[in-house]
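Please look through the structure below before reading my points.

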Amino acid sequence: MARPPGAAPAAGCGLPRAVESAMTDPAAGAASQAPHTWRPGRFMVIAAHPDDAEFGPAATAARWIDAGSVGWLVCCTSGDAGGEDPDADPLALAALREAEQRAAAAIVGYAGISFLHQPDGALVNDLVLRELLVREIRTFRPDVVLATDPEALFYDDGGINHADHRAAGVAAVDAVYPAARNPMSFPWLARDGLAAHKVRRLYLFWSNHPTVRVDVGPTIGRKVDALLAHASQIHQPDRLDDRIRSWAAEEGAPIGATAGEAFRLIVIDEDADEGPDSATDVEAETA
Ligand SMILES: [Zn+2]
C-alpha cells in the first residue's frame with residue numbers, strides 16, 4: 001500500500017499525515033515483491049516546495065548518489081506560504097526555506113539545486129512553468145525525473161494532495177513529454193543551444209498506485225537528517241526519526257526491507273539501445 005503524505009495543515013504542506021500515523025509492523029507481512037534495483041546515471045527531482053524532496057524520495061536519491069548517480073533538485077516554489085503568521089514577510093520565509101533546502105540537499109548529496117521562484121500555494125501548470133522545467137531538463141539532461149504523482153487528488157489512506165503537488169507533478173510530466181524532447185517546443189531554447197533531450201523514465205512518488213519499491217535501509221538515516229534541516233517546518237524534531245522510520249518500514253515491508261520508498265514507475269523509452277553506463281544495478285554497485 002502506498003503511504004503518500006496526507007492532508008496539509010493550514011499553512012504550507014507540513015508533515016505528511018502518513019508520517020504521523022504510520023505504525024505498521026514491517027515484520028508482519030512477508031515480502032511479496034523484489035526490491036527495485038535499477039538506477040539512473042543522472043536524475044532530477046522536481047518538487048513543489050522545499051522539503052517535498054526530503055519527505056519524498058530522499059533516501060532513494062541518497063542511495064543512487066552513493067552508488068555513483070548524479071542528482072539535481074528543482075524546487076518550483078520557495079515555500080513562501082509555509083508558515084502560520086499572516087503578517088510574516090514571505091520573502092524572508094522564502095530565503096529561510098531556500099537555505100534549509102540547500103542544507104538538506106547537501107546532506108542527500110545533490111550536485112545542485114534550482115529554485116524557480118513560482119508562488120507558493122498558487123503553482124500553475126502553465127507554459128511559463130513548463131518552459132522553466134524544460135530549461136532545467138535540457139540543461140542537466142537527466143535519464144530520469146522524479147516527481148509527485150499528479151493523479152493523486154485524494155490519498156487512499158486519507159487526506160487531500162496539496163494543489164501545488166498536483167501542479168508540480170503534471171508540469172513535470174508535461175515538461176518531460178513531449179516538450180523536452182521536441183526541438184519545436186519553445187524553439188528558441190534549441191536555437192540558443194539547449195538541445196532537445198529524452199528523459200527515459202518517470203518515478204512518481206506519493207502515488208496511490210506504486211509499482212516499484214527501493215530498499216533504502218542504508219540511507220534512511222540521511223533522509224531523517226535532511227528533513228531535520230527543514231527546521232522551520234519540523235515541529236516535533238525529537239519524534240521525526242521514529243515517524244520516518246515507521247513510514248519507511250511500511251513502504252519496505254512488501255519487499256522484505258526494513259526501509260523502503262515506493263514509486264509509480266513510468267518507462268517512456270526502454271534502455272536497450274543505451275550504453276552500458278547509462279543504467280546500473282544499485283545493488284551490484286554498492287555490494
Ligand atoms: Zn509540499
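1. A definition comes first: a helix axis here is a line fitted to the C-alpha atoms over the stretch in contact, and angles run from 0 to 180 degrees between N-to-C directions. Two packed helices are described by the angle between their axes and the distance between the axes. Please also keep in mind that this is a predicted model.

2. Take helix α5 (residues 127-140) and helix α6 (residues 163-176). Their axes lie 9 Å apart, and the packing angle is about 60 degrees. The two helices are therefore oblique to each other, since an angle has to be under 35 degrees to count as roughly parallel, and roughly perpendicular begins at 65. The crossing of α5 past α6 is right-handed.

3. Which residues of α5 and α6 meet? From α5 they are Leu129, Arg130, Leu133, Val134 and Ile137; from α6 they are Ala171, Ala172, Asp174, Ala175 and Val176. Sorted by class, this contact has eight nonpolar residues, two charged ones and no polar ones.

4. The second pair is α8 (residues 220-228) and α9 (residues 237-252). Their axes come within 10 Å of each other and cross at roughly 140 degrees. That angle makes α8 oblique to α9, because roughly antiparallel requires over 145 degrees. The crossing of α8 and α9 is right-handed.

5. On the α8 side, the residues that meet α9 are Ile220, Gly221, Lys223, Val224, Leu227 and Leu228. On the α9 side they are Pro237, Leu240, Asp241, Ile244, Arg245 and Ala248. By class, this contact holds eight nonpolar, one polar and three charged residues.

6. Leaving out residues up to four places away in sequence, valine 224 touches Leu240, Asp241 and Ile244. Valine 224 and leucine 240 are 16 residues apart along the chain, yet 7.1 Å separates their C-alpha atoms.

7. Where is serine 78 found? It sits in the loop between β3 (70-77) and α4 (90-108). Serine 78 is buried, with a relative accessible area of 2%. Its side chain makes a polar contact with the side chain of glutamate 98, at 2.5 Å. Not counting residues up to four places away in sequence, serine 78 touches Glu98 and also Pro50, Ala94, Arg97, Phe115, His117 and Gln118.

Methods:
Residues are numbered from 1 along each chain as its sequence is written. This is a predicted model: local features need pLDDT of at least 70, side-chain atom pairs count only at pLDDT 80 or more; totals for chains, interfaces and linings use all residues. Side-chain values use heavy atoms; hydrogens and water are left out. Helices (H or I, at least four residues) and strands (E, at least two) are DSSP runs, numbered from the N terminus. Buried means under 20% relative accessible area, exposed over 50%, partly exposed in between (1.4 Å probe, protein chains only). A polar contact is a pair of N or O atoms within 3.5 Å; within protein, one must be able to donate a hydrogen and the other to accept it, and residues adjacent in sequence count only if both atoms are side-chain atoms. Contact means heavy atoms within 4.5 Å. Angles under 35 degrees count as roughly parallel, over 145 as roughly antiparallel, 65 to 115 as roughly perpendicular and the rest as oblique. A crossing is left-handed if the near helix is turned anticlockwise from the far one by less than a right angle, and right-handed if clockwise. Ala, Val, Leu, Ile, Met, Phe, Trp, Tyr, Cys and Pro count as nonpolar, Asp, Glu, Lys and Arg as charged, and the others, Gly among them, as polar.
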